[in-house]
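Keep the 3D view open as you read.

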Amino acid sequence: MLNTAVRDDTAVPVRVKDPSIPTIPCTVPEASQLRRVLAGLRRWSPVDWDQVYDDLDVVLHGETEVSHHAAGRPGRGPLPEYEDADEMVERFRGALRQLVNRGLREDAQIQHLDIAVLIEQAHTLTAEALPGDSSPARGDLRRLAGIVLRLAERLEETGIVKGLVEC
């Protein structure tokens, strides 16, 4: 059934709403919710994956450049001090947020149990407040780095992300 509406002195046909088709009323979010989302968008910056992998090399492998596919340091001994540990933590957390969101968007946690475990570990680590001293604990930094590396590699293996892990 068609009706007409007048637009710019011209009759334009319009379709009458079909009562058998349900509609969902629009609900406008509260201003505080919109401000929170907008603030998050303003703070957002893309992940610099080259820098993340450089940080992974420093944290997981010490001073020498090694493949990103081998997690852990070749030798045991005291963990080094990191000059920019706070910045590394922020880069690792940003990378984890992006990897987790990508995995969840593709339902990776349903299809791959190991990815579900990594996503849960990532949620736990990113929700934890790091120690209150001037720099994060080296063990916390290494745990963040390990999760970033394993989740990136696993999502790459399953084809959910492409081009993150160097060959």
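Start at Leu155: setting aside neighbours within four places in sequence, Leu155 is in contact (heavy atoms within 4.5 Å) with Leu99, Gly103, Ala108, Ile115, Ile160 and Val161. This is a predicted model, where local features need pLDDT of at least 70 and side-chain atom pairs count only at pLDDT 80 or more, while totals for chains, interfaces and linings use all residues. Residues are numbered from 1 along each chain as its sequence is written, and side-chain values use heavy atoms, with hydrogens and water left out.

Now zoom out to the largest nonpolar core, which has 32 residues. Such a core is a set of buried Ala, Val, Leu, Ile, Met, Phe, Trp, Tyr and Cys residues joined through side-chain atoms within 4.5 Å, buried being under 20% relative accessible area with a 1.4 Å probe, protein chains only. Leu155 is among the residues with the most contacts inside this core, as are Leu56, Phe92, Leu99, Val148 and Leu151. Two or more residues each come from α2 (49-61), α3 (85-105), α5 (113-127) and α6, with α6 giving the largest share, 9 residues.

So what does α6 look like? Of its 20 residues, 14 are buried. Just after α6, Gly159 takes a positive phi of about 85 degrees.

How far can you trust all this? The chain averages a pLDDT (the predictor's confidence in each residue, from 0 to 100) of 79, and 78% of the residues score at least 70. Over residues 63-79, though, pLDDT stays under 50. Where pLDDT is low, the predicted coordinates should not be read in detail.

Conventions
Buried < 20%, exposed > 50% of the residue type's maximum accessible area, 1.4 Å probe, protein only. Helix = DSSP H or I, 4+ residues; strand = E, 2+ residues; numbered from the N terminus.
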